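Subject: Structure handover

Hello,

Here is the structure I promised. Please open it first, then read the notes below.

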Amino acid sequence: ARPPAAVHVSPLRGVELVQPGGAVSLPRSADAVQIWSPRAIAAKPRIPDPAELVATLDQVVATMAAGRRIGAELSGGFDSSSVVASLAAKRQSVHAFNVATRDEGGDERAFAVAMATHARVPLSEFAAGTELPDYTRLATTAHGAQPFLNGLDSVFASARNAAVSRHGVDAVMTGQGGDALYFRLPTTLVAADRVMIDGYGSLLGRAIVDDATRAQCTVWSVLASATGINRSERGVLLPPLTPNLLGEAARAALGSKASVHPWLAESDRMPPAKRQHLMTLIHSQVFQGRRLFECDVPVLHPLLAQPLVELTLACPAPVLAQGPLDRGFARVAMAGRISEATMRRRGKGEAADHYARAVLANRDWLLETLLDGELASLDLIDRAGVEAALEPSAIHLSSDQRALLVYASLETWVRHWK
């Protein structure tokens, strides 16, 4: 129900997950010891030079790519473009590839071509066409200690493996985690952080207008958050995953200590926007998990590397979010390295139509799996809510597709282990 809980709570009784930054001595004689803490880093804020972000990214990318021929996922968005820019700058052996769905929101080929041309990197384009993901694989695959929350799209996985085979790459590099790292958060809480740092006088400048532009709201809404009128714990944390689909048992569990990531348990004194930044970094750990449809070679996520996470955690949220566009600090740092088309871009690709069509194609299996399953019998999901969400007329109009797939993955995992 709470997305980040999935990366730190073990669903198996008697199994404990060691968290990032934790250490356990073997044979085990004591509880895990935290040897790295995001709170300690955020507690010593500093404003890095934009060039330091570029240099750190270049170092991370060069280290990961050393001795390998890299296949780079290039969506055409800012995050993957920043990785490709570093690969090109360090003269790594790289071949980029782009996967486009047939709907307009999922076709970013124009941006990918512009970036590949700018970086002088070869690009292969793959079109999904009418092919759709097959989620029934969840029912027949061997599940591990945790449910599959990553790599559920067989169409994208097939295109990625085709690129791997065609170009003989040794590893694939992604831009996953960039939304969190570079602070792509449409939140009004940045102004609250600014007040904590610079006082209420900071509300008189241009920055508050930029805050409203990024958050797509009124200046009055930003002022309400900055002054504490409209700021609460609920607003700081990420919301539950589609609460309309949750049963009473899941709703009750949301208030338990187990649903709060240990990094957040020690972050009460963080400024609210910085705490939200930490929350999205926690949630990005999902990308490091097992994939339902695996890649034939290792998949590397440089934007989740510790040196970059530490650099941006220490950087105050108002600095990361500067200007009217998202990822303001990163945009300043990457000027000249990323194509103008991507630098000017305000939105990002969205494959919602692709996944809505996939849910519709898998509808009968999802209905059978979820309505007659363990989660429903335990009142963890609401049968009526799920049935309503899977009405053909509702699928394309809702944002429940991702949640339905997560719950189907959890259901098949429970059945596997029962």
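Start just after helix α10, where Gly228 takes a positive phi of about 85 degrees. Helices here are DSSP runs of H or I with at least four residues, numbered from the N terminus.

Two points on the source. This is a predicted model, so local features need pLDDT of at least 70 and side-chain atom pairs count only at pLDDT 80 or more, while totals for chains, interfaces and linings use all residues. Residues are numbered from 1 along each chain as its sequence is written, and side-chain values use heavy atoms, with hydrogens and water left out.

Back to α10, residues 219-226. Val222, Ala224, Ser225 and Ala226 are buried there. Buried means under 20% relative accessible area, exposed over 50%, and partly exposed in between, with a 1.4 Å probe and protein chains only. The cover over those buried residues includes α8 (190-198) and α9 (207-215).

Next, the cores. A nonpolar core is a set of buried Ala, Val, Leu, Ile, Met, Phe, Trp, Tyr and Cys residues joined through side-chain atoms within 4.5 Å. The largest has 60 residues. Leu53, Ile70, Leu87, Met173, Tyr182, Phe183 and Met334 have the most contacts inside it. Helix α2 (residues 50-65) gives the most to this core, six residues. Apart from it lies another core, of 34 residues, including Leu367 and Ile395.

Phe183 deserves a look. Beyond its neighbours within four places in sequence, Phe183 is in contact (heavy atoms within 4.5 Å) with residues including Val190, His277, Leu320 and Arg327.

Ala62 is found in α2. Ala62 is buried because its relative accessible area is 19%. Ala62 and Pro302 are 240 residues apart in sequence, yet 9.7 Å apart in space, C-alpha to C-alpha. Leaving aside neighbours within four places in sequence, Ala62 touches Lys90 and Gln92.

How do α14 and α15 run? The axes of α14 (residues 272-283) and α15 (residues 306-314) come within 10 Å and cross at roughly 160 degrees. Axes are lines fitted to C-alpha atoms, for helices over the stretch in contact, and angles run from 0 to 180 degrees between N-to-C directions. The two helices are therefore roughly antiparallel, a label for angles over 145 degrees. Lys274, His277, Leu278 and Leu281 of α14 meet Val309, Thr312 and Leu313 of α15.

Last, cysteines. The structure holds zero disulfides, a disulfide being a pair of cysteine sulfur atoms within 2.5 Å. Cys315 is buried, at 0% relative accessibility. Cys217 is partly exposed, at 28%.

Best wishes

Notes. Angles under 35 degrees count as roughly parallel, over 145 as roughly antiparallel, 65 to 115 as roughly perpendicular and the rest as oblique.
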